[in-house]
Amino acid sequence: MAYQSDGMVEKSGASRWISHAIMILGVLFIFFPIWLAFVASTVTQADIVRPPMPVLPGPHFWENYKAALFSGVNVPVSVMLGNSLIMALGIAIGKIAISLLSAFAIVYFKFPGRKFFFWAIFITLMLPVEVRIVPTFEVVAGFGMLNTYQGLILPLIASATATFLFRQFFLTIPDELAEAARVDGARPMRFFWDIVVPMSRTNIAALFVILFIYGWNQYLWPLLITTDPSMNTIVMGIKQMFPSGDDTANWPVIMATSILAMIPPVVVVISMQKLFIRGLVDSEK
Amino acid sequence: MATVDLKDIKKSFGKVDVIHGVDMEIADGEFIVIVGPSGCGKSTLLRMVAGLETITSGELLIGGKRANDTEPMDRDIAMVFQNYALYPHMTVADNMAYGLKIAGMPKDQIKAKVQEAAKLLQLDHLLDRKPRELSGGQRQRVAMGRAIVREPSVFLFDEPLSNLDAKLRVQMRLEIKDLQAKLGITSLYVTHDQVEAMTMADRMIVMNGGVAEQIGTPLDVYERPQTIFAAQFIGSPSMNLMDGRIDGGQLKVNDVSLGPVDTREGDVTVGLRPEHVFADSAGVLRLNVHQSEPLGANTLLHGTLEGKAFTASLPGVHRMPGNDRDMSLNFASENLHLFDPKTGKRI
Amino acid sequence: MEKRVTFKGWLLPVALIAPQALISLIFFFYPAAQAVWQSLFIPDPFGLSSQFVGLGNFEFLLKDPYYRSSFVTTAIFSTLVTLAAMIPALFLAVVADRLIKGAGAYRTMLIWPYAVAPAVAGVLWLFMFNPRVGVVAWYLGQLGYDWNHVLNDGEAMGLVVAASAWGRISYNFLFFFAGLQAIPKSLIEAAAIDGARFWKRFFTIVLPLLSPTTFFLLVVNVVYAFFETFGVIHTITSGGPQQATTILVYKVFSDGFVGQDLGSSSAQSVILLVVVGLLTIIQFKFVEKKVHY
């Protein structure tokens, strides 16, 4: 089958093998930094500071990961993992929740100021947190939210991507469904819970993947507002593990931490690959 | 069970009037078909009865009570939508039960009612499926079931069969009519298909451009169409029209005399259904045949008659007529319909 | 687009929209307005009062050689990142598109780096190129090339570009691959029957049909290079050596938080705001055009 549909345009044979070879090289190139980090996380500091370091994993896996997870450098990595998890979940769930509600209001109600709200939310699409960083920091500091989870989460929820996405999706729900629900006696919130939310399940899941990664990978914001190491997230905490001055960094532990920092988002992406790709393609359109 | 009264119901969207005032009294248990071409306002009329559109002016009474401002759920109606509008994430049973659940009916009662309706519609084995796992006809039945379990006073159907293939349409048509007769629930049924209107309706409303052209029983509309539009819309193939004149009590089309008539003098539009002509060598009508369509039981002959397009439907098989392709046709004078060419109204 | 069915009332919708409206107001509109406001003032050295200077901060910035060089740095950086992230991705996507079997498996393996945070990517690349312990740096040394991005401007730029583009390749690959798969095979076959060879087909048929995807990715990658690469730069070079890798966003941070120069930092934020606004409008125009195809 495959060979037939291929035959018209491709000369098959040699060119196929070349294609596979190119793809494998590409994958290897992309994987190389990760592989190296993994190897470094399984050897000793001594192996690393005498270059070239080995290219195959060593026997010190448990040792390094235990050191990272339970002692770390400034703070145990397990604490940072917990903070990252709370932040990423908080951002993903918070954004999805407020966006579902506001998109529902914008699509299914006519009320004074609807257009205004729509555009006000739409404008927030434009600005990444990096741009308004100083005043936002002041606001959060003013609320006493430095070194708190609220401070980590709330400012990053203020964006319109999810609202926009849900709006687009709600517009594709047939009008007849809402009418049928009305005839069935469903009031707006009942319709929301019984029909709209269950129908949005795939979109919610896809968006969850994207937002979880977005939240997990935040760097600048946690860097600014978590001065207390016990509130550090893992992605920003790695940099803090490098010593200032000329001391040599504890590479095996740092690399173990890097691997640990990658695992949750990578697991989410790989395990929900289909949803993720769909969410990505939808959300960026 | 309820009567439905429409009193000069009007609808406008902004400045555009889409329904120009419909009056009708619907008896309890009656099956009313609203028929007309797309854009004639038939769906809007139905949706006003459902409460999905506001009524601009006029009065709607359901069961004798004014219902203009009542919410759909409080009108004691159930509706079957064109694309079924089944909740895609719910099973067949949940779809049917949803309205009852909202109404707060106890679970075991809901279950009993759903079972009962499912049996009636032969859906019992499908109750656990999702809508996407069903065929078009089955989805249609589920939509019906959802309407039935609520035991409403009025059924509303919005072109429920238009998404089905021809064969299934005939079958479902019979089933719906059957069911309605069994349950005796007042029904309003919107369609653009005149065959559905003819076969299902106790009475029908023929609508065109937001106006009810005629309200009456199917035979009434067929035999005594009140307007040119109703005459042409009901019946297939549609009624032939000719430009005629009444002169000294004689009806003439060009120079051909169609016999004496007893009405006002002057220009008239003459209507004659294709199935109401027959081959007769002594006939006064000369049809110049361009094409014949043998349908088996009868044959359609398309051509021109006195310079205008004309179709004849003759029983049995007819070959194309000989060399000159002319054939003589005759008719019974009681089958002639006369309309005023200016107003389109029956004379 | 409007729904035919709308519910009545205003209290419920306003309550539904309130959480998002409040959060946007407090953490978005107010800070954004604050940024604009602060950009008009210069605070005194003790932060006790500030003096209104109108557009003085902007004027100063535009004359400031550091800021101007940061602009140039940003332009170079984002151009390089965009090219380095898009060209290999397109190449891989074209190759993968030729494969009938296995393309999905390659895709799965290529997705990985997308999930890796830019800051973590920075650490990985820093590790490879660390002048003292980095494997790549060591092999370069063996070849007689003395790598030291801590001192060398060009090497520093090269390293942050590579680390920034690396994770982005998978993202771009996903879109290019999806775009290629969406091109009807009959078109390619028609071109083949017309006698066009592979590269001819690629440039005359495939690339033009892929142009919506390419343009979209162009904008998205530029936005990424502008705003999301902060982590890479902060972990690898901290903007150095001698500001050689200080892009605009990094300068907002270093002037605002390290240098404590709020007026200037706010003025820079406002300039960035305009830049993002322009990019968004370009993107929006493009999306609209795509809708009207």
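Helices, as the word is used here, are DSSP runs of H or I with at least four residues. In this predicted model, residues 71-96 of chain C are 100% helix and 0% strand, and the end C-alpha atoms of that span lie 37 Å apart. The span is one of those that the unreviewed UniProt entry annotates as "transmembrane region" in chain C, the others being residues 12-33, 108-128, 156-180, 201-227 and 267-287. Two of the annotated spans are set out below.

Turning to the contact between the chains, 88 residues of chain A and 86 residues of chain C take part. On the side of chain A that touches chain C, helix α2 of chain A (residues 14-40) supplies the largest share, with 12 residues, and by class that side holds 65 nonpolar, 12 polar and 11 charged residues.

One helix pair can be described in detail. Helix α7 of chain A (residues 133-142) packs against helix α1 of chain C (residues 11-38) at an angle of about 120 degrees, and their axes are 8 Å apart. Because angles of 65 to 115 degrees count as roughly perpendicular and those over 145 as roughly antiparallel, α7(A) is therefore oblique to α1(C). The crossing of α7(A) past α1(C) is right-handed. From α7(A), the residues A:Val134, A:Pro135, A:Thr136 and A:Val139 meet residues of α1(C), among them C:Phe27, C:Tyr30 and C:Gln34. By class, this contact comprises 8 nonpolar and 3 polar residues, with no charged residues.

Technical notes:
Residues numbered from 1 in each chain as written. Chains lettered and ligands numbered in written order. Predicted model: local features only at pLDDT ≥ 70, side-chain atom pairs only at ≥ 80, totals over all residues. Contact = placed C-beta atoms within 7 Å. Helix = DSSP H or I, 4+ residues; strand = E, 2+ residues; numbered from the N terminus. Nonpolar A, V, L, I, M, F, W, Y, C, P; charged D, E, K, R; others polar. Axes fitted to C-alpha atoms, helices over the stretch in contact; angles between N-to-C directions. Parallel < 35°, antiparallel > 145°, perpendicular 65-115°, else oblique. Left-handed = near helix turned anticlockwise from the far one by under 90°. UniProt positions renumbered as here; feature names shortened; annotations may be inferred.
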